[in-house]
Amino acid sequence: MDSKDNEENNGANEIKLGLRQNIQQFLILVLVNAFVGAMIGLEQTVVPLIGKNEFGIESNAIIVSFIASFGAVKAILNLYAGNLSDRWGRKNVLVLGWLFGIPVPFILLFAPDWNWIIFANVLLGINQGLAWSMTVNMKIDLVGKERRGLALGLNEFAGYVSVAVVGFVTGYLAATYGLKPYPFYLGIAFAVLGFVISWAIVKDTRKFTVLEIEDDLALAGRVRNKPDLNFKQVFLETSWMNRTLLSVSQAGLINNLIFGVTWGLFTLYYASFSVGISEIGFLKALHPGIWGVLQLVTGSLSDKVGRKVLIYPGMIVQGIGIWIVLYSNFIFGWIVGMSLLGLGTALVYPTLLAAISDVAHPKWRATSLGVYRFWRDLGFVFGAIGIGYIADVYGLNIAIQLVAFLAVGSGIFVMVAMRETRLLGYSNRRA
């Protein structure tokens with residue numbers, strides 16, 4: 001064992017797993033993830049309207065192409081971020097993510113054409129793939145097994161409430177002062193603060209993973225089933241071989257396909273009814289706002305009642321919410337539909353992450369989470385390119401209708417194929 005291993009093991013002996021024991025560092029990471037989410041909120045309302053009004057783009061698929069570039073890059077970075085952080089350290093990857101995020105609001109503000117918007121979202125995808133991945137992994141490292149759902153609920157609460165608040169505020173600023181420049185001044189502040197806090201205050205959490213592995217191995221009578229998997233094996237295990245992880249991964253993909261559609265196409269859908277920018281900002285904020293707040297409840301609830309019982313109803317409720325938006329051509333119906341979307345996503349989002357963490361061994365959990373987040377964020381790509389293309393060819397109504405059917409179908413698949421994971425020991429996790 002080399003000096004680095006000795007240092008990590010000695011550090012592990014001086015620390016304790018748990019939310020209460022690590023509350024200060026945990027809350028700092030909650031704040032960091034609020035700034036990560038704010039970077040997405042910056043684009044929720046304003047950027048699709050810049051494409052339509054400022055650059056004169058008529059194609060739905062082209063307008064939402066910025067979401068595809070964001071989603072593709074974020075998915076790839078998710079895939080490798082966990083493995084990279086196991087070798088290089090969580091904090092270093094987090095800080096690197098923020099370095100890529102700082103130029104984003106400047107490019108969005110001064111972009112001379114749509115290609116620059118797409119490039120900004122490549123950088124945003126890197127920022128989100130590295131920074132959000134690390135806030136997830138670092139919180140899981142800190143709390144251990146018992147409060148995993150609560151920890152992930154708090155993490156996603158901070159991120160998506162921030163998405164909602166910033167999306168609403170930028171919509172208000174755009175309605176009052178124009179699409180540029182004031183909304184993007186907020187983005188500059190978020191990027192700088194996120195970087196400074198991550199670099200100066202956040203501490204690395206790899207030593208907590210070492211401690212969890214030692215505690216896990218010390219449990220009497222626990223049989224280990226292939227704890228040491230290489231990257232390819234983890235990818236196959238998470239994507240296909242384990243039916244529970246397959247169920248979780250496909251649900252994550254459909255969930256973010258829905259989010260990508262609400263991010264881009266719903267803005268254009270509401271604008272087609274001559275809804276004002278501030279009203280669009282309000283409607284768009286309902287989805288991530290309700291989703292973000294309710295995750296404080298649903299993440300902790302999944303620790304008590306189980307993961308599966310929240311996931312499949314959550315996907316079905318999202319489908320119902322989409323249908324209500326589609327068939328209610330008035331403001332109250334849209335409010336109800338967007339609220340149901342928020343409720344359904346809240347049931348699903350932290351619970352899917354917790355289910356992955358239940359099944360994966362601590363030695364390859366970060367990599368498995370990365371594989372899941374890879375598939376999940378490919379949903380942005382399919383939502384932007386696939387659903388955007390269908391909207392161009394067949395119209396917005398048909399495209400949105402298809403998304404509702406996909407949501408319900410995903411929920412049915414989870415109900416049939418997934419096993420409950422909350423109380424699984426690793427020796428029972430293969431199925």
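Here are a few friendly notes on one helix and on the aromatic rings of this structure.

1. This is a predicted model, in which local features need pLDDT of at least 70 and side-chain atom pairs count only at pLDDT 80 or more, while totals for chains, interfaces and linings use all residues. Residues are numbered from 1 along each chain as its sequence is written, and side-chain values use heavy atoms, leaving out hydrogens and water.

2. Start with helix 5, residues 65-88; helices here are DSSP runs of H or I with at least four residues, numbered from the N terminus. From first C-alpha to last, its 24 residues reach 32 Å, close to the 34 Å expected at 1.5 Å a residue (that is, 1.5 Å times one less than the number of residues). A kink of about 35 degrees is centred on Ala81, the bend being the angle between axes fitted to the seven residues ending there and the seven starting there. Gly89 follows helix 5, with a positive phi near 110 degrees.

3. Next, the rings: the structure holds 30 aromatic pairs. Rings of Phe, Tyr and Trp (its six-membered ring) pair if their centres lie within 6.5 Å, and planes under 30 degrees apart count as stacked, over 60 as edge-to-face and the rest as tilted. The centres of Phe259 and Trp291 are 5.0 Å apart and their planes stand at 80 degrees, so this pair is edge-to-face. Phe259 belongs to helix 13 and Trp291 to helix 14, so the pair ties together parts 32 residues apart in sequence.

4. Finally, ring pairs link a cluster whose members include Phe66, Phe70, Phe259 and Trp291.

Notes:
Helix = DSSP H or I, 4+ residues; strand = E, 2+ residues; numbered from the N terminus.
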